[in-house]
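I opened this notebook to record what I looked up in the structure. The entries follow the order of my reading.

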Amino acid sequence: MRSPAPIRAAFGQALAEAWAGGAGALLPIGFFAGAAMLVPFTVGSEANQLAAIGTGVLWVALALASLVSMERLFQADLEDGTLELWAQEACPLFLIATAKIFAHWTVSGLPLVLLTPLIGITLQLPADQLLPAMLAYGLGGLAFFSWGGVAGALAASVPRGGLLIALLALPLFVPTAIFGALAAEPGAVGPNILFLAASTLFALAVAPFAASAALRLAVD
Amino acid sequence: MISIFANPHRFMKLSRWLAPACLVAGILLIAWSLWQALWVVPQDDYQGGDIMRAMFIHVPSAWLAMGSYMGLAVASFVWFIWRHELADMAAKSIAPIGAGYTAMCLATGAIWGKPTWGTWWLWDDARMMSVLLMFFLFLGYMALRAAMDTRQKAARAGAILAMVGAVNVPLIKFSVDIWASIHQSASVIRMDGPAMPAIYLTPLLIGALGHLIFFAALTLTLMRAEVWQRRGDVIMARKLAGG
Amino acid sequence: MTGGLLIEADGLGAVRGERILFSGLHLSLRPGEALVLRGPNGSGKSTLLRMLAGLSQPATGEVKSSGAHHWLGHRDGIKPHETPRQHLTHWARVWGSTLSPEGIAKSMGLERPMDVPGRLLSAGQRRRTALGRLLLVERPIWLLDEPFNALDAEGRDLLASLIAAQLELGGGVIAALHGDVPFGASREVVL
């Protein structure tokens, strides 16, 4: 690879596309907040109860919200022909896939992380733990988006592939969900945040190659 | 003429007698172990009485569930590197059988769990959780293959997913173990493998062998069906082409 | 590359499902040559072109090429939110081109819709924008799938002159075509 220009361009294009979609970037946020809002209605408003499950609720909502817009991430590129062009670039496709996943995370993953303290407070989580826990949500979100990107690339050529993407990605979310929930638990210390970071690094190392193999299949 | 359709000739010749032979041998061994399990083996009080006889199906199906995912991953890898059509047929055939054994493992586990743990399902048993996740991996694999429009695409997509799943299995297992070790409250049935009395161990191992051979018979049969289907498709395609 | 060939394909075979589209196909492209792929619908013209572009894996045989290529597929590769200006700027950035999008747009007759997003462009305007991509950087090989589709008479003349210029520069063109050939084709490959 001679210059990072293609990667920057792919990142910029993905950002522009997400914002140009109007509510596209807001959709996961709405889903995230809406899913969390349902919880007090279903389990009751008792502060102790909410505080006990709040962390877990945020993780489940984060995992599901990260899948909401995954269907369009690569499918749109496939439909308008952009993917064909990327697949013929001298720049390796896995770098393009990484740039796109990262752009997608920036637009619709990062806002979720920034929103966690707000929703956490409403779920009666201890306020002083919420900011440190954002690190865990950020790391976990990256892993969710990476595996979700693999699933999205695999299902890129499948019409209405959203449910398929969820079925493919959710088992891969398990390690992140486990370590993430342990690391974000109020008062929890120990190696869990390191385990979470390690599983995110693993996702970042494996997912781009799998996604690019899947994208080559999608354009074939 | 492209030779990729000619590949499986030797396989068909071999599997023609191997598949039924395995089927008979597998059923005989399973039947023997079930007879031992249900009528011969003494009741074991400290592991839940009669219900522990479920072990003779539960444990072999757990082993086969794990083994079949490994088989799926290896077949996918072989196909991805060497593009050997039989490897893809094996992967395609293993998936539903593996899913079946995984479901059987979960079902017998739940039946066994009800009298022993007092509940059908215990989330904090790491092995049950790993098997459950494996079940979802199989489901996803089959759903993805079914969603692809050509056989070649199904093979490629399936291989990518199976390999992604395979590299994730150790991490999933590790995380589930850690999680179970934190949440564990109930006492979990422990299988002290070598220390188990021979009267249990022999039927168990023979039963596992029987299930393995039975598994092979089913896989070979499905692969044969796949070969026949492809031959049929080739004939159809030739007819459509006006040949 | 032997004998200064731009593209050399040997023993290519394509399979869709169980259907053999073509097999044992040989094809070569020399500098200054325009090759036209012909054949009825479903005969594998697009598939062959995609194999030459490296998008599809051949079932048998291999493709050797001695230079970079431009690709123009059925789909123009223009995002719904992208204006022709943004599109050309984007790919100029990716390919390190110093040409101005305005200049290219002018030669493609795109001055008026220059800032109209892709979803509002007509099919012909989108196609002209995609053709503008071919001018961003010089590449020896052009692979064009039904490039005259959606173009009006003026657009067809424009593309024919672009192809002529590409051949004059010593480049090569392979195009899958359906109707008549509005440019000087050197050879035809019938599938």
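In β8(C), Val190(C) is the bridge partner of Arg38(C).

Conventions. I noted that the model is predicted, that local features need pLDDT of at least 70 and side-chain atom pairs pLDDT 80 or more, while totals for chains, interfaces and linings use all residues. Residues are numbered from 1 along each chain as its sequence is written, and chains are lettered from A and ligands numbered from 1 in the order in which they are written. Helices (H or I, at least four residues) and strands (E, at least two) are DSSP runs, numbered from the N terminus. Two strands pair if DSSP finds at least two bridges between them.

Sheet of chain C. I read the strand order of an open sheet of five strands as β5-β6-β7-β3-β8 (chain C), with parallel pairing. β5 (69-72) and β8 (187-190) of chain C stand at the edges with a single partner strand each, so one side of each has no neighbour in the sheet. From one strand to the next the twist averages 15°. Helix α4 (residues 123-136) of chain C packs on this sheet and touches β5 and β6 of chain C. The direction of α4(C) makes about 180° with that of β5(C); angles run from 0 to 180 degrees between N-to-C directions, with axes fitted as lines to C-alpha atoms, for helices over the stretch in contact.

Strand β7(C). I next looked up the pairing of β7(C). Strand β6 (residues 141-145) of chain C pairs with β7(C) in the parallel sense over five bridges, and Trp142(C) has Val173(C) as its bridge partner. The chain passes from β6(C) through helix α5 (residues 153-168) of chain C to β7(C) in a right-handed β-α-β crossover (clockwise from the first strand over the helix to the second, with the strands pointing away from the viewer). α5(C) lies across β3, β6 and β7 of chain C, at about 145° to β7(C). Strand β3 (residues 34-38) of chain C also pairs with β7(C) in the parallel sense, over four bridges; there Leu37(C) stands opposite Ala176(C).

Is β7(C) buried or exposed? Five of the five residues of β7(C) (residues 172-176) are buried, so the strand is largely enclosed by the rest of the structure. On one side these are Gly172(C), Ile174(C) and Ala176(C), on the other Val173(C) and Ala175(C). A residue is buried if 20 or more other C-beta atoms, placed from the backbone, lie within 10 Å of its own.

Chain A. I counted ten helices and zero strands in chain A. Its radius of gyration, taken over C-alpha atoms, is 18 Å, close to the 17 Å of the globule rule for 220 residues (2.2 Å times the number of residues to the power 0.38), so chain A is as compact as a globular protein of that length. Buried residues make up 56% of the 220 residues in chain A.

Interfaces. Two residues are in contact if their C-beta atoms, placed from the backbone, lie within 7 Å. The contact between chains B and A takes 22 residues from chain B and 22 residues from chain A. On the side of chain B, α5(B) gives the largest share, 14 residues. By class, that side has 17 nonpolar, three polar and two charged residues (Ala, Val, Leu, Ile, Met, Phe, Trp, Tyr, Cys and Pro count as nonpolar, Asp, Glu, Lys and Arg as charged, the others, Gly among them, as polar).

Key
A residue is buried if 20 or more other C-beta atoms lie within 10 Å of its own, exposed if 12 or fewer, and partly exposed in between; C-beta atoms are placed from the backbone.
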